[in-house]
Amino acid sequence: MSEVILVLGASGQIGIELTQKLRNLYGNNNVIASDIREGNRNMMVSGPFEIVDATDKETILEIVKKYNVTQVYLLAAMLSATAEQYPQKAWDLNMNSLSAVLDIAKEKHIKQVYWPSSIAVFGPKTPKQNTPQNTVMQPSTVYGISKVAGEFWCNYYYEKYGVDVRSLRYPGVISWKSKPGGGTTDYAVDIFFNAIEKNSYQCFLSKNTRLPMMYMDDAVNATIQLMQTDRKNVKNRTGYNLAAINFTPEEIALEIKKHIPEFTISYQPDFRQEIANSWPESIDDSEAREDWNWQHKFDLSTMAEDIIKNLKK
């Protein structure tokens, strides 16, 4: 494979695992990791790494030219819960970084762009069950507003300038390889670390808050699959709905108790509850499954088993 890939935001939750998978597929030297600060040791030693502010178009362009980059995966973002505390900073980071990369693609310096959207594009008036691909999008968070705007910018650059930009609306993404990064669905990551370390967890959402979720392995595979799909199969240029599983804090706690019987959970909802209440409970991702044959592999049981097995090592 002749692609040379730049990952912006490689030190984030998704970035760490996506970068490693891309290096396995394309070769270590063909995947340049970057972030505003140094990454973990494995990322730093396994391939090229550059310190980059994702909103700095000129520096990004220098790196694109230095390595002859063909694809950019733009993962740098401020997530939902953190963004509510720093709304202007979140807007500036989330939008200016996308604008910079889309312009670089418009100027023909790169061939392809990946930019993640999120279920945060939906809002309180969106249908909660099997949320369709095309529906009401009236988000109540800064993060969601930036994702809706970003989706339409992506579509605009595709329609107006032919930029091959692709996007997925991630549900909550769960991983054991990195600690949570400031998202509302992060309880489903944090709960495993606490179960192993403390045998208990205080959840910031109520026990019956159902949200769409996905194991990191599935999220990474979906991202790469979309980017490798023939251009003619990518019929959506805003953001594809993406789904795998959905559950409540109570349900994931019961699953953990199968492996750690002494585990206990308590509930103390905070400001993140209101965010979660505005999001869907389940997602219809039939368009992704039809257009480029997306299929998930992990359910709640197999995911919990794999995470606990790895964290106990």
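In which sense do strand E11 and E13 pair, and over how many bridges? I looked this up before anything else.

**Ground rules**

I am working with a predicted model, where local features need pLDDT of at least 70, side-chain atom pairs count only at pLDDT 80 or more, and totals for chains, interfaces and linings use all residues. I number residues from 1 along each chain as its sequence is written, and side-chain values use heavy atoms, with hydrogens and water left out.

**Entry: the sheet**

I find that E11 (residues 211-215) and E13 pair in the antiparallel sense, over 3 bridges. I take helices (H or I, at least four residues) and strands (E, at least two) as DSSP runs, numbered from the N terminus. For me, two strands pair if DSSP finds at least two bridges between them.

**Entry: salt bridges**

How many salt bridges does the structure hold? I get 13, taking a salt bridge as a side-chain nitrogen of Lys or Arg within 4 Å of a carboxyl oxygen of Asp or Glu.

I picked Asp164 to follow. Its side chain meets that of Arg166 in a salt bridge, at 2.9 Å from N to O. Asp164 also forms a salt bridge with Arg237, where the closest N and O atoms are 2.6 Å apart. This second pair links distant parts of the chain, 73 residues apart: Arg237 is in the loop between helix H8 (216-228) and strand E12 (240-241), and Asp164 in the loop between helix H6 (142-161) and strand E7 (165-166).

Buried or exposed? I mark Asp164 and Arg166 as buried, and Arg237 is buried as well. My cut-offs are under 20% relative accessible area for buried, over 50% for exposed, and partly exposed in between (1.4 Å probe, protein chains only).

I looked at one more pair, Lys258 and Glu255, with the closest N and O atoms 3.3 Å apart. Lys258 is exposed, because its relative accessible area is 60%. Glu255 has a relative accessible area of 9%, so I call Glu255 buried.
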